[in-house]
Amino acid sequence: MLEGKADRPAWRMGLTYAGADPREALRATAPDADEVATIRVRLDRLDAASSIGPWTRASLAIIDRSPTVRAPDLAAELGRDTPSFKRDVRKLKELGLTESLDIGHRLSPRGVAVVDAEASTPRLDREAAPAGTPLPRIGAPATRALRAQGIWTLEQVRDLSEAQLTAMHGVGPVAVRFLREALAERGWTWSD
């Protein structure tokens, strides 16, 4: 096939698994008082270098208050455009303070510790992240459909039948395939 296009270059690329994302371990690590102070200095530097002024605390606060809300909605509430808001949230993610979800973001345990350390009184009404295996990336419509039914984990999906899933508005064949593959990876099947 390439012979007929000898005048055009062809490249071959190889990929290898480099290991787990180090941010995952960082997110789960609760910082001590010295680390919190270091993170606060880093947040202050991000604010000082920004052309829009301080943004870090407002972004953390809105993510804390509205986890799983779409980034465009959060950006609009802050009076910001979506691309720059997402870029800034990635900076918070690099510090281990937030984690991305299929829809929106939430504070990581590390982020909660930093936000609570800066608050006069820590929030007690914050919902804990659901326990269990997170859902694979199945697309926003399917994720919204499952969340509307209170389904946040693969263990909850395992308790459903495939027919129950396909009956949900927004859960299409691609989402069902991704869920089936995620279940199979763990040796699980649908409930029938």
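**Exercise 1. Find the strand that holds His105, decide whether His105 is buried or exposed, and list its contacts.**

Step 1: His105 sits in strand β2; helices (H or I, at least four residues) and strands (E, at least two) are DSSP runs numbered from the N terminus. A quick note before going on: this is a predicted model, where local features need pLDDT of at least 70, side-chain atom pairs count only at pLDDT 80 or more, and totals for chains, interfaces and linings use all residues. Residues are numbered from 1 along each chain as its sequence is written, and side-chain values use heavy atoms, with hydrogens and water left out.

Step 2: With a relative accessible area of 10%, His105 is buried (buried is under 20%, exposed over 50%, partly exposed in between, with a 1.4 Å probe and protein chains only).

Step 3: Skip the neighbours within four places in sequence, and His105 is in contact with Ile63, Pro67, Thr68, Val69, Ala71, Val89, Glu99 and Ser100. Contact here means heavy atoms within 4.5 Å.

**Exercise 2. Work out where Leu97 and Ala33 lie, and how far apart they are in space.**

Step 1: Leu97 belongs to the loop between α5 (82-94) and β1, while Ala33 is in helix α2 (residues 33-49).

Step 2: Compute the accessibility. Leu97 comes out buried, at a relative accessible area of 0%, whereas Ala33 is exposed at 63%.

Step 3: For Leu97 and Val114, the figures are 7.9 Å in space and 17 residues in sequence.

**Exercise 3. Characterise the largest pocket by volume, lining and residue class.**

Step 1: Its volume is about 550 Å³. On a 1 Å grid over the protein atoms alone, a pocket is an open set of points where a 1.4 Å probe fits, with protein on both sides within 12 Å along at least five of seven lines; lining residues have an atom within 4 Å of a point. Grid points are joined across faces, edges and corners, and a volume is the space filled by probe spheres set on the points.

Step 2: The lining of the largest pocket has 22 residues, with Ser100, Leu101, Arg106, Pro134 and Leu135 nearest the centre. α1 (22-28), β1 (98-100) and α7 (140-148) each give two or more residues to that lining.

Step 3: Sort the lining by class: eight nonpolar, five polar and nine charged. Ala, Val, Leu, Ile, Met, Phe, Trp, Tyr, Cys and Pro count as nonpolar, Asp, Glu, Lys and Arg as charged, and the others, Gly among them, as polar.

**Exercise 4. Which element gives the most to the lining of the second largest pocket?**

Step 1: This pocket has a volume of about 380 Å³. Of its 19 lining residues, Pro67, Arg106, Glu127, Ala128 and Ala129 are the closest to the centre.

Step 2: α3 (56-65), β2 (105-107) and α6 (109-118) each supply at least two lining residues, and α3 gives the most, with three.
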